[in-house]
Amino acid sequence: MVPGRITRHIQEGVNYPSPEAVDFYHHYKEDIRLFAEMGFRCYRMSIAWSRIVPNGDEMEPNEAGLQFYDGVLAELKKYNIEPIVTISHYEAPFGLTEKFNAWASREMIDCYVRYCEAIFNRYRDVVTYWITFNEINSLIMPAGAYLAGALLMDDSGVFNVGTRPEGDETQGNVFGGYKNPYLKATDWGWQIDPVGLRYVLNHVYDRYRIPIMIVENGLGQWM
């Protein structure tokens, strides 16, 4: 099997990662029906920026893209499932990366605001909860500058430069981490820190005094 690759532009003869994945685009109605059968009352989803503004700098949004999310949100409403919508989730239009290296330029702000205005105006009556960026902290991780910020650092293949602490590595999420000797771990080797989570929640709430919603907190363990 030929390993999948990621390149700046489509190249002939290259095996790319599957563009279909779970194919939610064609199966969202049956997927959402299954969510309802499982008793889900909310659904954290993302709107693809590049589907709404394909090149990133268009002045008018892509109506076909908006119509797709019209259907998704209508289906969620049909089953009384509350949408929690991420605005930018690793899919900033590559045209903006090529034009001015995305978030390396302040020009990116106007493009993001214009995109936000398009979806806010379209879905103001059906979406209450919005998340501005997915995992903005990914910017400080290997390759995260490109994933989260659409930044191409240079032509060397090095996306961000930083130091790595010494210690035993552990599993968890995408990039793993380093073991904390005071924490327990699941069967998968993912460490568990409920006290630390509670401390951070208290700290954030004390600072901002607004409700907190945990939207991504999976359990790395065999069921």
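The questions and answers below look at a sheet and a pocket in a predicted model. Residues are numbered from 1 along each chain as its sequence is written, and side-chain values use heavy atoms, leaving out hydrogens and water. Local features need pLDDT of at least 70 and side-chain atom pairs count only at pLDDT 80 or more, while totals for chains, interfaces and linings use all residues.

Visitor: In what order do the strands of the open sheet lie?
Guide: Strands are DSSP runs (E, at least two residues), and two of them pair if DSSP finds at least two bridges between them. The edge strands, each pairing on one side only, are β1 and β3 (129-133). With parallel pairing, the 3 strands have the order β1-β2-β3.

Visitor: Which residue of β2 is the bridge partner of R44?
Guide: Strand β1 and strand β2 (residues 82-88) run parallel and are joined by 5 bridges. R44 belongs to the uncovered face of β1, together with C42 and S46. S46 has T86 as its bridge partner in β2, whereas the partner of R44 is I84.

Visitor: How many residues of the lining of the second largest pocket are nonpolar?
Guide: A pocket is an open set of points on a 1 Å grid over the protein atoms alone, where a 1.4 Å probe fits, with protein on both sides within 12 Å along at least five of seven lines, and lining residues have an atom within 4 Å of a point. The second largest pocket is lined by 41 residues, with P19, S50, H89, Y90 and E91 nearest its centre. Besides 10 polar and 7 charged residues, where Asp, Glu, Lys and Arg count as charged, the lining has a nonpolar group that numbers 24.

How values were computed: Buried < 20%, exposed > 50% of the residue type's maximum accessible area, 1.4 Å probe, protein only. Helix = DSSP H or I, 4+ residues; strand = E, 2+ residues; numbered from the N terminus.
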